[in-house]
Amino acid sequence: MQPLVIVNPRSGGGLTQQRWAGLLGPLTDGLGPFDTRFTEGKGDGRRIAHEECAAGRGLIVALGGDGTISEVADGILSAGGKAELGIIPRGTGGDFRRTLDVERDIAKAANRVRKAPGRPIDVGRIRYLADNGTQAQRHFVNVVSFGFSSDVARRANTSSKRMGGKVAFLAATLRSLVSYDNAQVVVSADDRPQRRMQLLLGAIGNGRFFGGGMKICPEALLDDGWFDLVTVGNLSRAVIMANLHRLYSGDHLTMKEVQGVRARRINIAPADAGAKIPIEIDGETPGHLPASVELLPAALRVRA
């Protein structure tokens, strides 16, 4: 079969749909002949990728943002993971693209998908409490976070991103600072003792970036068989503002309030069973803690 490109027409602030006719030429120049399917709503990327992988499609390309990439990867993995994932970034956040160093130019990114050998990367599987109160499970490729960062992601996803992902996430960060209270959670990582802590946020990184370019897990590698768990402690609003630039540079690991460990299995729960602490999964905010996360080493082949 030809490669299949799963297109999120709403990616790039809706510009993908508006400019689709102009994108076909660069896509074909880079990728060669391909088939196309468009998503219409949440979950379509996963459903389409699952169907195509189960039908024997060998290469499935996600054209969209971090949410689209994550959905397509989840669909491939839920169908057995035999298809390879190609990535042509069109989103405003572009966090997974940064870890892979994928070009933003359509033709160059498509050409890399065509020519690059498939590279095995680790993925994560998370079980969590969905917004409707049921238990849910899905795969992720980049970062899971909880606490303040999830509140920021929710605000950014419901705002305009026409000025770019970095501006949208920075504006959402400033809005969240006004009302967000640091959370108390209980965390266990592999065989380490369970810890209760009050924190601003926690991030479980397979990739390095989240929040439109914040380098939250600067030492994370996609193929080392480990998650990087980074927790940012009980910081005041003034300290957060004074050190926000360090999240973008990745220098925050030197702060005494920030801790980092490597683990393969992580469990997080609210210290107060009645607390509603949101989680963020590859840029989306589908639910709340408690959550359990496990690493699946070399489970997905990526053309990048």
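**Entry 1: a tryptophan in a loop**

I started with Trp 226, which is partly exposed because its relative accessible area is 28%. For that label I used these cut-offs: buried is under 20% relative accessible area, exposed is over 50%, and partly exposed is in between, with a 1.4 Å probe and protein chains only. I found Trp 226 in the loop between β9 and β10 (227–233). Helices (H or I, at least four residues) and strands (E, at least two) are DSSP runs, numbered from the N terminus.

Before going on, I noted that this is a predicted model, in which local features need pLDDT of at least 70 and side-chain atom pairs count only at pLDDT 80 or more, while totals for chains, interfaces and linings use all residues. Residues are numbered from 1 along each chain as its sequence is written, and side-chain values use heavy atoms, with hydrogens and water left out.

Which residues does Trp 226 touch, not counting residues up to four places away in sequence? I listed Asp 122, Asp 190, Gly 205, Leu 221, Arg 262, Ala 263, Arg 264 and Leu 295. A contact here means heavy atoms within 4.5 Å. I also looked up Lys 215: Trp 226 is 11 residues from it in sequence and 17 Å from it in space, C-alpha to C-alpha.

**Entry 2: the whole protein**

Next I stepped back. I counted 9 helices and 14 strands in the protein. Its C-alpha atoms fill a box of roughly 55 × 40 × 35 Å along the principal axes. The radius of gyration is 19 Å, which agrees with the value near 19 Å for a compact globule of 304 residues. That radius is taken over C-alpha atoms, and the globule rule is 2.2 Å times the number of residues to the power 0.38.

I saw that 56% of the 304 residues count as buried. Of the contacts with a separation of 6 or more, 73% are between residues 24 or more positions apart.

**Entry 3: two cores**

I then looked for nonpolar cores, meaning sets of buried Ala, Val, Leu, Ile, Met, Phe, Trp, Tyr and Cys residues joined through side-chain atoms within 4.5 Å. The largest has 52 residues, and Ile 126, Val 185 and Ile 266 have the most contacts inside it. Strand β9 (residues 195–205) gives the most to this core, with 6 residues. Apart from it lies another core of 40 residues, among them Leu 4, Ile 69, Ala 83 and Leu 85.

I followed up on Ile 266. Leaving out residues up to four places away in sequence, Ile 266 touches Val 187, Ser 188, Ala 189, Ile 204, Phe 227, Leu 229, Ala 291, Ser 292 and Val 293.

**Entry 4: a helix inside**

Is helix α7 largely enclosed or largely open? It is largely enclosed by the rest of the structure, because 8 of its 10 residues are buried. Among those buried in α7 are Phe 148, Val 152 and Ala 156. I picked out Ser 149, which sits in α7 (residues 148–157) and counts as buried at 8% relative accessibility. Beyond residues up to four places away in sequence, Ser 149 touches Leu 201, Gly 202 and Phe 210.

A reminder to myself: most residues other than glycine have a negative phi, and most peptide bonds are trans. Asp 101 has a positive phi of about 60 degrees although it is not a glycine. I found Asp 101 in the loop between α5 (95–100) and α6 (106–115), and it counts as exposed at 58% relative accessibility.

Asp 282 also has a positive phi, near 50 degrees.

A cis peptide bond joins Leu 289 and Pro 290, with omega about 10 degrees. Pro 290 lies in strand β14 (residues 284–303).

**Entry 5: one more stop on β14**

My last stop was Glu 294, also found in strand β14. Glu 294 counts as buried, at 10% relative accessibility. Its contacts, not counting residues up to four places away in sequence, include Val 123, Arg 125, Phe 227 and Arg 264.
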